[in-house]
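Hi,

Here is the model I promised to pass on. Have a look at it first, and my notes follow below.

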Amino acid sequence: MDAASARAGPASVAILVALPMAAVVAAIVQGALGAEPALWDHLREYVLARVAANTLVLAVGVVAVATLDYAGIVPTALRAWLGNDLWLPPIRSAGGVVAVIGIALYPYVYLMARGAFLTHGARVLESAQSLGLGPWQGLFRVAIPLARPWLAGGMALVAMEALADFGAVSVFNYDTFTTAIYESWYGLFSVETALLLALVLLSFVALALAAERLARGRRRYTAADAGARAPLRLALPGFRGWLATAFAGGVFAVAFVLPAVALARWATAVAPFDLDGRYVAYVLRTLALAGMAALACLALAVALGYATRKPSAGRLAHAAARFATLGYAVPGTVLAVGVVTALGAFDSAWRAHLGGDGLWLSGTVLALLFGYVARFLAVAYGPIQGGFSRIRPSLEEAARSLGLATRELISRLHLPLLGAGIGTALLLVFVDVMKEMPITLMTRPFGWDTLAVRVFEMTAEGEWERAALPSLAIVAAGLLPVALLTWRMERAARAA
Amino acid sequence: MSFPTVPLRAIAACAVLAGALLSGPALAAGEPLVVYTARKYQLVDQLFQEYAKEQGIEVKSVTDDGAPLIQRLKAEGPNSPADVFITVDAGDLWRATQAGLLQPIRSAALESAIPAHLRDPEGHWFGLAVRARTIAYATGRVKPAELSTYAALAEPRWKGKLCLRSGKAVYNQSLVAMFINDMGEAATEKMVRGWIANLATEPFANDTLMLKAMAAGQCDVGITNSYYLGRLQHEQKDFPVQIFWADQAGKGTHVNISGGGVTKHAKNRAEAIRFLEWLASPAIQQRFAGSNFEFPANANVEPLPEVVAWGSFKPNTVNVGLIGKTQPQAVMLIDRAGWR
């Protein structure tokens, strides 16, 4: 088999997975071509410099906060959905907005870093100790450098989500690229200019990701021992134990207890008027959409991860994979415009060539899933890719030599070894979809109102207290699947 | 059993079970009436259901902000299921009209119920509730006699005492647009720069936060939509902020509308018109506006007692559609003046 045909397979899989994003980006580019030069000049003169600086501060600050938090070994990932921006802190400043988004997003870094630390296992740290390194030196000189791709992956997710955030920045009235996009669309009535701004933002993200990859260079990271034992728990005596507990407890208090208490207080005040039977349907719909989207994203992420697991997959495949996962950095509302436009174009093409009337894709659950995949594939791909890169190539060669076909290879070798990565991917997408607003709002079929839709309707009218009820319901509805996954992940980690 | 299969199955089961248990509303006979509404669920759903019951027709609705709904209508084109489009801002109605998404209708009932400055002269849209944006003051620290016009808030005497909501809020953009129409761009920009110079603190994300800051003593005067204060006063009778009707000696207080029109490709045009007429009828008007402490667009209908207590006022009667047209100009002015 020559090199070119060896690359054709991975490339075609990756390109296939990238199709939803390609359709969306095509729609965005086509819209952006219509941007009015006069509006663009205005934005360049009065708006762009400031929002670019603000956006940079936000991204860097949030990544810093989220990363500093990751070491908090709080025994649960339950706070992952704390993307609610309902808690109103007293400080409306760059620092305040950075702190809030950072605290909300740190689970991305935490979950991925934890996975990396667990796989490297005790043996690496033991070797470090045998070479005379203390626990701290072991952390900084061995564990963290070895976890770099996973840390970088988590940080990239955090930075992308911060760049695309509109909720928190608008509560803080902190102008970023996203607010400029809204201004162009809602205020200047130019969706074209908004799409153009989104493309500029997107190209910055692509550049930043490329830079990280370049800095990482040709180094390859694989687990020294795929079946490594988890590191032994180190009992911290006395004062140090209290310090560790205080840190973990502090993160938990700030990231979960405080907002949850505020939400619960508001929710109990409005529950007598607002809570009724409809909430059962809201919860079921929310769970259904989040579950379906999590599975769809997982399936595509595994396909993408498998196609690109070796450097020899070729540039085209890797480029397609990066492109397919860029949607996470696009503000949800812009992505929603791309989704709606692409589906509308598909529907009219369908009618033109195949006849019939009505809308085939627009306004169906399929349209929603299409949008979720375009937006959240990156969230599933991060942990899956991390998982694939921990599987030593020699294992696959061994399995092949035992006569395993590709299907068996995936189901009997890769999927079991991806373990925690699969759990993380499902968890992150599930939680993200439960609180997703713009795509759900713009593409949902009639009667598919979810809890997040209810949150939007209340906050859009400035009724924050009433929004607490559906927000709390999101937390409650997510508890069961999240707890289940976390428990499974813990068990898998212990068993490993 | 290997690890990944269990959560996979659990999640799949969750999704399927939840999907199966979802019960959509039962289909009534005949074509449903489909409403795209930026006026949110909690303010309209009860009335929609009442209409459905009264007329024996199914009413389907979907909520979002005005701009995304316009984009949805555009993308769906001739096959859009929507019959009626309702917004919370005249600018969105103007824009939908410009984009060819609404059709002109004639209705004697609507034309007699809704004053001319609150509807499109060609009948593309009709105001259904009026929101007044005016001056609010902290009752302990400001006397009504000290207040007069929006422009007077730019005077040095209010330095460090003025609170504003973000310049990105559509209600501020439409206020500035009204002034551009009334007194020209240069004079408006001078006034806005004066406001910014008087700010006590950074602009707020919404009117409610601003009003609470005024009550807490952070500033003495502000500009707000009256209904936000209505809600706060409804919760707390002695809320220490009160309404002052601005520009009563001049052209009148700024008003915007929540209103609606019939979509270009409405499948159910006759029903859509009947629905708008029903919303504009006296019995419904009070509740449509009252659910949000707004003023009924139908001038013959009394607002809620809490709203009546603010006293009557003279509204600026420039056609609200003109404000929508000027809005992009207003947004640029706001950027130049540094109103964050």
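Helices (H or I, at least four residues) and strands (E, at least two) are DSSP runs, numbered from the N terminus.

Some bookkeeping: this is a predicted model, so local features need pLDDT of at least 70 and side-chain atom pairs count only at pLDDT 80 or more, while totals for chains, interfaces and linings use all residues. Residues are numbered from 1 along each chain as its sequence is written, and chains are lettered from A and ligands numbered from 1 in the order in which they are written.

On confidence, the predictor gives the complex an ipTM of 0.86 and a pTM of 0.89. Two stretches of chain B fall below 50: residues 1-6 and residues 23-28. Where pLDDT is low, the predicted coordinates should not be read in detail.

Now the interface. 52 residues of chain B are in contact (C-beta atoms, placed from the backbone, within 7 Å) with 58 residues of chain A. On the chain B side, the largest share, 10 residues, comes from α1(B). That side divides into 26 nonpolar, 13 polar and 13 charged residues; Ala, Val, Leu, Ile, Met, Phe, Trp, Tyr, Cys and Pro count as nonpolar, Asp, Glu, Lys and Arg as charged, and the others, Gly among them, as polar.

A:Phe189, not a glycine, has a positive phi near 60° and lies in the loop between α9 (177-187) and α10 (191-216) of chain A. B:Asp247 also has a positive phi, of about 60°, without being a glycine; its loop runs between β8 (241-244) and β9 (254-263) of chain B. Are they buried or exposed? A:Phe189 is buried because it has 25 C-beta neighbours inside 10 Å, and B:Asp247 is buried with 23 other C-beta atoms within 10 Å. Buried means 20 or more other C-beta atoms within 10 Å of the residue's own, exposed 12 or fewer, and partly exposed in between, with C-beta atoms placed from the backbone.

Cheers

How values were computed
pLDDT = per-residue confidence, 0-100.
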